[in-house]
Amino acid sequence: MIMDYARARAGMVEHQIARRGVRDPLVLEAMGRIPREAFVLPGWEEEAYEDQPLPIADRQTISQPFIVAYMIEAAELRPGDRALEIGTGSGYAAAVMATIAAQVYTIERHPGLADTARRRLLELGVNNVEIRVGDGTLGWSEAQPFDTIIVTAGGPKVPTDLREQLAIGGRLVIPVGESQHRQSLIRVVREDRADYREEELADVAFVPLIGEGGWNAA
Ligand code: SAM
C-alpha cells in the first residue's frame with residue numbers, strides 16, 4: 001500500500017509538535033508544508049514522520065521533527081528575516097526555515113551532504129536558500145548581519161564569530177555542552193552592540209559541531 005504522506009505530515013504537526021507546546025502558527029504551517037520524506041535516505045521514506053532523528057549520509061542525522069520546530073520557534077524566525085543555519089545536513093530544516101524567512105544561508109562541512117541538499121531544494125523549487133561548504137563555526141561574514149542563527153550540531157561553547165554576526169535584536173539558538181553528545185539548548189539575544197542575553201531552554205542530544213569554534217575533528 002502506498003503511504004499517505006500528506007496525512008502522516010498533518011499527524012506529525014498535530015501530535016508531535018503542536019501538542020507538545022509549539023504554538024507559532026508560522027512554524028506549524030511551515031512544518032506542514034515541507035515533505036520530510038524527500039530529505040531522508042532512499043528506503044527510509046516510510047519512517048519520515050516518526051518522532052525521531054533518522055540517519056543520513058556521512059554518519060550524520062536529520063533531526064527529530066519536534067526539535068526542528070522547537071528551535072525555529074525559539075529563534076523567533078520571522079518573515080523578512082535573513083537567517084543562517086549551521087549544519088545543513090539533509091537540507092530539511094533549511095527548507096522549513098525558507099518557508100518563513102526571506103533568505104536562508106546554510107553551511108555544511110561535508111561536501112556530499114551539501115550537494116544532495118542543494119539538489120533536493122532545487123527539485124522542490126525552494127529558491128531562497130544558499131548552501132556553502134565549510135566550517136560554520138566561523139559564520140558567513142559576507143552575508144551578515146543575521147536576524148536568526150540556528151546551529152544544528154552541539155559545541156563546547158557559543159562561537160564568537162556567530163555572536164558577532166547577529167544583528168542587534170537577533171537571536172541565536174545553539175546546543176552547548178561539555179559532552180560531545182549531550183547539550184543544553186541555549187538562546188542568545190543580541191540586545192545591543194556589546195550586550196548579549198543568554199538563557200537555557202532544554203536538554204538536547206545533537207551530533208558534534210566540528211570546527212574552529214567547536215570540537216576538534218577525531
Ligand atoms: N539541519 C539538518 C537537517 O535538517 O537535516 C540536521 C543536521 S545534523 C543534526 C548536523 C550537521 O552539522 C551535520 O550534517 C554535520 O556534518 C554538520 N556540522 C557539524 N559541524 C559543522 C561545522 N563546523 N560547520 C558546518 N556543518 C557542521
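Trainee: Quick one to start: is tryptophan 140 buried or exposed?

Mentor: Tryptophan 140 is buried, at 5% relative accessibility. Buried means under 20% relative accessible area, exposed means over 50%, and partly exposed is in between (1.4 Å probe, protein chains only). This is a predicted model, where local features need pLDDT of at least 70 and side-chain atom pairs count only at pLDDT 80 or more, while totals for chains, interfaces and linings use all residues. Residues are numbered from 1 along each chain as its sequence is written, and side-chain values use heavy atoms, leaving out hydrogens and water.

Trainee: Okay, aromatics then. How many aromatic pairs turn up in the whole structure?

Mentor: Five aromatic pairs come out of the search. Rings of Phe, Tyr and Trp (its six-membered ring) pair if their centres lie within 6.5 Å; planes under 30 degrees apart are stacked, over 60 edge-to-face, and the rest tilted. Tyrosine 5 with tyrosine 49 is a tilted pair, 6.5 Å centre to centre with 50° between the planes.

Trainee: Where do tyrosine 5 and tyrosine 49 lie?

Mentor: Tyrosine 5 is in helix H1 (residues 5–18), and tyrosine 49 is in the loop between helix H2 (25–33) and strand S1 (54–55), so their pair ties together parts that are 44 residues apart in sequence. Helices (H or I, at least four residues) and strands (E, at least two) are DSSP runs, numbered from the N terminus. Tyrosine 5 is partly exposed at 23% relative accessible area, whereas tyrosine 49 is buried at 8%.

Trainee: And back to tryptophan 140: which residue does tryptophan 140 form an edge-to-face pair with?

Mentor: Tyrosine 105 is the partner, 5.1 Å away centre to centre and with 70° between the planes. Tyrosine 105 lies in strand S4 (residues 103–108) and tryptophan 140 in the loop between strand S5 (129–133) and strand S6 (146–151), so that pair ties together parts 35 residues apart in sequence. Tyrosine 105 is buried too, with a relative accessible area of 9%. Ring pairs also bring in Phe146, giving a cluster of Tyr105, Trp140 and Phe146.

Trainee: Where is serine 141?

Mentor: Serine 141 sits in the loop between S5 and S6. This serine is partly exposed, with 43% relative accessible area. Its side chain makes a polar contact of 3.3 Å with the side chain of glutamate 142. A polar contact is a pair of N or O atoms within 3.5 Å; within protein, one must be able to donate a hydrogen and the other to accept it, and residues adjacent in sequence count only if both atoms are side-chain atoms.

Trainee: How far apart are the C-alpha atoms of serine 141 and proline 208?

Mentor: They are separated by 22 Å, and the two residues are 67 apart along the chain.

Trainee: New topic: the ligand. Which residues around the ligand come nearest?

Mentor: Glu85, Ser90, Glu108, Gly136 and Ile210 come nearest, out of 28 residues around the ligand. Here a residue is near if one of its heavy atoms lies within 4 Å.

Trainee: What are the distances for glutamate 85 and glutamate 108?

Mentor: An N or O atom in the side chain of glutamate 85 is 2.8 Å from a nitrogen atom of the ligand. For glutamate 108, a side-chain N or O atom is 2.6 Å from an oxygen atom of the ligand. Isoleucine 210 uses its backbone instead: an N or O atom there lies 2.6 Å from a ligand nitrogen. The protein buries 99% of the 600 Å² that the ligand exposes when taken alone.

Trainee: What's on the S7 side of S8?

Mentor: Strand S7 (residues 166–176) pairs with S8 in the antiparallel sense over six bridges. Those two strands form a hairpin with six residues between them. Arginine 171 stands opposite valine 189 in S8.

Trainee: Why is S8 largely enclosed by the rest of the structure?

Mentor: Because eight of its ten residues are buried.

Terms used
Areas by Shrake-Rupley, 256 points an atom, 1.4 Å probe, with all protein chains shown as cover. Pairing = 2+ DSSP bridges.
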